[in-house]
Amino acid sequence: MTTHNLFALDAIEPGTARKVTVDGRQIALVRLDDDVYAIGDTCSHADVSLSEGFVEPDECAIECERHGALFDLRTGEPLSLPAVRPVPSYDVVVVDGEVILTIDEEADE
Ligand code: FES
């Protein structure tokens, strides 16, 4: 398990997503109000970056820009077709205004 101090919460606007690469993993960080969620950045339907998609705050989800699959930001589970497989989800917390990501390598793959 590794912990990564990423950036200040203020570096990401509410209702937007930002892509980071950590330990070779591409991860979409999404801010909703003062909470941050982290899921795998690559859509499970095709090789498309989810952080380029559309944040849906009411559903706590992000919509893939290519074909419109929705992914739950809390779990990485797809909420709509055409995606049927989840993307990874990661633990992320905000401590003293800093976004901190934890990767559990054993649970991840
Ligand atoms: S590539 Fe994401 S829904 Fe098709």
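**Entry 1: burial and model**

I count a residue as buried if 20 or more other C-beta atoms lie within 10 Å of its own, as exposed if 12 or fewer do, and as partly exposed in between, with C-beta atoms placed from the backbone. Buried residues make up 30% of the 109 residues in the protein. The model is predicted, so I note its limits: local features need pLDDT of at least 70, side-chain atom pairs count only at pLDDT 80 or more, and totals for chains, interfaces and linings use all residues. Residue numbers start from 1 along each chain as its sequence is written.

**Entry 2: overall layout**

I took helices (H or I, at least four residues) and strands (E, at least two) as DSSP runs, numbered from the N terminus. The protein has 1 helix and 9 strands, and along the sequence they follow the pattern β-β-β-β-β-β-β-β-β-α. The radius of gyration, taken over C-alpha atoms, is compared with the globule rule, 2.2 Å times the number of residues to the power 0.38. For the protein the radius of gyration is 13 Å, close to the 13 Å that the rule gives for 109 residues, so the protein is as compact as a globular protein of that length. Along the principal axes, the C-alpha atoms fill a box of roughly 40 × 30 × 15 Å.

**Entry 3: the sheet of 6 strands**

I treat two strands as paired if DSSP finds at least two bridges between them. In what order do the 6 strands of the open sheet stand? The order is β1-β9-β8-β4-β3-β2, with antiparallel pairing. β1 (2-8) and β2 (17-22) are at the edges with a single partner strand each, so one side of each has no neighbour in the sheet. I then looked up individual pairs. β1 and β9 pair over 6 bridges, and A8 has E98 in β9 as its bridge partner. β8 (residues 89-95) is joined to β9 by 5 bridges, with V92 opposite L101. In the hairpin of β8 and β9, 2 residues lie between the strands, and D96 takes a positive phi near 50 degrees.

**Entry 4: β3, β4 and their loop**

β3 and β4 pair in the antiparallel sense over 6 bridges. R31 stands opposite V36 in β4. The loop between these two strands holds D33. Is D33 buried or exposed? D33 is exposed, with 8 other C-beta atoms within 10 Å. I also checked D33 against T75: they are 42 residues apart along the chain, and their C-alpha atoms are separated by 18 Å.

**Entry 5: the sheet of 3 strands**

The open sheet of 3 strands has the order β5-β6-β7 and antiparallel pairing. β5 (54-56) and β7 are its edges, each with a single partner strand, so one side of each is left without a neighbour in the sheet. β6 and β7 are joined by 3 bridges, and E63 stands opposite L70 in β7.

**Entry 6: core and contacts**

A nonpolar core is a set of buried Ala, Val, Leu, Ile, Met, Phe, Trp, Tyr and Cys residues joined through C-beta atoms within 7 Å. The largest one has 24 residues, of which A28, L29, V30, A38, I39, I62 and F71 touch the most other members. At least two core residues come from each of β3 (25-32), β4 (35-40), β6 (61-63), β7 (70-72) and β9 (98-103).

I count two residues as in contact if their C-beta atoms, placed from the backbone, lie within 7 Å. Leaving aside neighbours within four places in sequence, I39 is in contact with A28, L50, F71, L73, G76, V87, P88 and S89. Of the contacts with a separation of 6 or more, 40% are between residues 24 or more positions apart.
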